[in-house]
Amino acid sequence: MWASTENSQIRTNMEYVVSELGKCQDKIGTGYLSAFPSSWFDRLENLRPVWAPYYTIHKIMAGLFDQYRITGNQSPLEMAIKMANYFKARIDKVIANNTISWWENILNNEFGGMNEVVYNIYSITNDSAHLQMAHLFDKPVLMGPLAVGADELSELHADRKSG
């Protein structure tokens, strides 16, 4: 809304929200930021039922990235980078302790646009870890056919969780 109106109160409110979220992230101390406990990811990584934690994380990270993109404020970008680094470490641990196939099973749970937001972060950082992380959210069962020009998506719902 600020980008359309340039209303100074909206900008002030945006900066306040980012500042307060930053305090929460700093207090946690790991880069994690969410309204739900990180234990939800423990459940997900053990293939136990859980709602859609990466979907929510995508929304937080995308909002932070948009705040940076629209306002030029570095703070939300730094917060999104901390989140990316936190989740990259989690994903690396899952793959090291299990297999890449295990990770691909985790992707059967809704994960929103995690690949997009991490590709966006990579476009700023040029950090190869961010590029690798973004690729890990490119679900092979969906992306593979596209890579060879096959349209196998036309019959799938936009929020389809598995192939």
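A polar contact here is a pair of N or O atoms within 3.5 Å; within protein, one must be able to donate a hydrogen and the other to accept it, and residues adjacent in sequence count only if both atoms are side-chain atoms. This is a predicted model, where local features need pLDDT of at least 70 and side-chain atom pairs count only at pLDDT 80 or more, while totals for chains, interfaces and linings use all residues. Residues are numbered from 1 along each chain as its sequence is written, and side-chain values use heavy atoms, with hydrogens and water left out.

**View A. The start of helix α5.** Here a side-chain oxygen of Asn 73 comes to within 3.0 Å of the backbone nitrogen of Ser 75. Helices are DSSP runs (H or I, at least four residues), numbered from the N terminus. With 24 residues at 1.5 Å a residue, α5 should span 34 Å, and its end C-alpha atoms agree at 35 Å apart (the expected span is 1.5 Å times one less than the number of residues).

**View B. α5 against α7.** Residues 74-97 (α5) and 114-125 (α7) pack at about 115 degrees, axes 11 Å apart; axes are lines fitted to C-alpha atoms, for helices over the stretch in contact, and angles run from 0 to 180 degrees between N-to-C directions. That makes the pair roughly perpendicular (65 to 115 degrees). Touching (heavy atoms within 4.5 Å) are Leu 77, Ala 80, Ile 81 and Ala 84 of α5 and Ile 121, Ile 124 and Thr 125 of α7.

**View C. α4 against α7.** Helix α4 (residues 53-71) meets α7 at about 35 degrees, with the axes 9 Å apart. On the α4 side, the contact residues include Tyr 54, Met 61 and Phe 65; on α7 they include Val 117, Ile 121 and Ile 124.

**View D. α7 against α8.** What angle do α7 and helix α8 (residues 128-136) make? They pack at about 165 degrees, their axes 8 Å apart, and are therefore roughly antiparallel (over 145 degrees). Among the residues in contact are Met 114, Tyr 119 and Tyr 122 of α7, plus His 130, Leu 131 and His 135 of α8.

Note on methods
Helix = DSSP H or I, 4+ residues; strand = E, 2+ residues; numbered from the N terminus. Parallel < 35°, antiparallel > 145°, perpendicular 65-115°, else oblique.
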